[in-house]
Amino acid sequence: MSEYIYIAGDSPLQTGAVGDKPRLTKDSIVVYNTVTDMESFYFEENRDEEGEYFSFSPHFSLKKYQVSSLEVHLPQVGDKMIKNSQKKAVDQLYLYIKDYFERSVAAKLEILFCLNGDEENTISFRKDVAFSELKLTDLYYLERKFLTITK
């Protein structure tokens, strides 16, 4: 099973790759300076094959705007030392959230960290936090953690 991040918001959320830093050559071949530059989140919308919205988890109070991504190297809660790829991942997730609040009229964002297939299981840890008080460690991965961030 894969570790995922599910995000729900009250405004549209950015989709696609977030965090990769490609360097293009003259032949339009994508080249990266390091493996860390290549790693990124790839957020997908909550739409089925017919284009209909569905909710990734019943725990979300915000139903329409949702995205999901593999967790891509987030540090685990309790990690003492983190690798460069983990630092990049948590920084990119923070910047994603910051951009969400800056570019829209959004007031709230919910994040569920969990294994694919565990989206309906009981929440193991819940935290509500204002974005101005959000710490990078709040974004560390913990199975079935539910984070509510307000503007």
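1. Helix H2 covers residues 84-103, and its 20 residues should span 28 Å at 1.5 Å a residue, which agrees with the 28 Å between its end C-alpha atoms. The expected span is 1.5 Å times one less than the number of residues, and helices (H or I, at least four residues) and strands (E, at least two) are DSSP runs numbered from the N terminus.

2. This is a predicted model, in which local features need pLDDT of at least 70 and side-chain atom pairs count only at pLDDT 80 or more, while totals for chains, interfaces and linings use all residues. Residues are numbered from 1 along each chain as its sequence is written, and side-chain values use heavy atoms, with hydrogens and water left out.

3. Among the buried residues of H2 are Ala89, Leu93, Tyr96 and Phe101; buried means under 20% relative accessible area, exposed over 50%, and partly exposed in between (1.4 Å probe, protein chains only).

4. Within the same helix H2, Asp91 and Lys87 are four residues apart, about one helical turn, and their side chains meet in a salt bridge at 2.9 Å, N to O. A salt bridge here is a side-chain nitrogen of Lys or Arg within 4 Å of a carboxyl oxygen of Asp or Glu. Asp91 is partly exposed at 23%, and Lys87 is partly exposed at 39%.

5. Strands E2 (residues 16-18) and E5 (residues 41-45) pair in the antiparallel sense over three bridges, with Phe43 as the bridge partner of Gly16. Pairing requires that DSSP finds at least two bridges between two strands.
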